[in-house]
2 protein chains.
Amino acid sequence: MQYAEPIDNLIKAISRLPGIGEKTATRLALYILNAKKEYVEELAANLLGVKEKVALCSVCMTFSDTDPCVICADAGRDAEIICVVSDYKDMMALEGMGGFKGRYHILHGNLAPLKGIGPEELRIRELLARIESQGIKEVILATGFDAEGESTSAYLAKLLKPYNIKLTRLASGIPVGSYVEFMDGATLGRALEGRREVS
Amino acid sequence: MQYAEPIDNLIKAISRLPGIGEKTATRLALYILNAKKEYVEELAANLLGVKEKVALCSVCMTFSDTDPCVICADAGRDAEIICVVSDYKDMMALEGMGGFKGRYHILHGNLAPLKGIGPEELRIRELLARIESQGIKEVILATGFDAEGESTSAYLAKLLKPYNIKLTRLASGIPVGSYVEFMDGATLGRALEGRREVS
């Protein structure tokens, strides 16, 4: 026996979410079936809400319900330092740390030629425009240390070299709380290479 | 830093779903942020769709977008046998098996005095009305074999005794594919008690 059509449609729509298989989608759809109508209406309105009210900040390309976003509008932050991240989530993680007082630039992805993502698919043109017009002094390359993040960083380093600005990359090494014995060779190599003098 | 308000609202609404923690809710909300608008509109419409188009079948109390539901409307099914289940999911599991040709009655829960669920909270009155008016010959008690399912079954058995109809309970024993050595004592006891003669 099939589920009634509206239930089946909902299961299919939910199972298209990442990490949600058909079993979980069915469980959630049946929960929705039993849930209060007010909650379901609120959930649907919030889904539409993010698509309607959230857009990209025209300066740093982050998701925001204001333009410019809160960070770009904050005069207390250093407008001359741009921290370039692959993703909105990376920016939120760095903001969560709380120690960075410059601004961001969100690329919305990494270079991945095999997936058809080249420089044109990322927000690189907007980054160049900022550097050319806003008197930027330092660009911190804060893409990930996986293969795609590294190659995106290397690509940007080459691209930004002619601009005569300070170019930096996040440090790579052993994470706080980790043990040397459990680290892979590549990380240990980086940690050794980037070793610092102790006073 | 906080997420923009519409994003935060969505995270909160998603995290109220069962089995979805705040981390998963955040991941899904950020996926929605990046997803195609058409998909998000479809998802929202399907959420509202189940609340608008799906209601309880007035005969068996199952969720259905027609009234009576497909099963109650099917003249080829035996209207004199009612299989009483706790939940819509139980009915779908039995239908998936495909061997049952009677009809169902969905209680929408089990008796659970500690959670405040008494006979009035279940669709028992509707079951009695069916038995009194529709010439029912057999009621199969197909609630679960957990404590709540068993006590619900026992309660119904007592309640239905005066009606002079055949009352049966699903068999309890060792599931197909399982090994005797791994079964708990209660299940082995039931399996022994319900043993059948082999020809």
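Predicted model: local features only at pLDDT ≥ 70, side-chain atom pairs only at ≥ 80, totals over all residues.

Residues are numbered from 1 along each chain as its sequence is written, chains are lettered from A and ligands numbered from 1 in the order in which they are written, and side-chain values use heavy atoms, without hydrogens and water.

There is one cavity of 30 Å³ or more. On a 1 Å grid over the protein atoms alone, a cavity is a set of points where a 1.4 Å probe fits but cannot get out, a pocket is an open set with protein on both sides within 12 Å along at least five of seven lines, and lining residues have an atom within 4 Å of a point. The largest cavity holds about 150 Å³ of space, a volume being the space filled by probe spheres set on the grid points, which are joined across faces, edges and corners. Its lining has 13 residues, with Ile14(A), Leu17(A), Leu43(A), Leu17(B) and Leu43(B) closest to the centre. That lining is made up of 13 nonpolar residues, with no polar and no charged ones.

The largest pocket has a volume of about 290 Å³. Among its lining residues are Ile174(B), Pro175(B), Arg190(B) and Glu193(B). Five lining residues are nonpolar, three polar and four charged; Ala, Val, Leu, Ile, Met, Phe, Trp, Tyr, Cys and Pro count as nonpolar, Asp, Glu, Lys and Arg as charged, and the others, Gly among them, as polar.

Finally, Val180(A) is exposed, at 54% relative accessible area (buried is under 20%, exposed over 50%, partly exposed in between, with a 1.4 Å probe and protein chains only).
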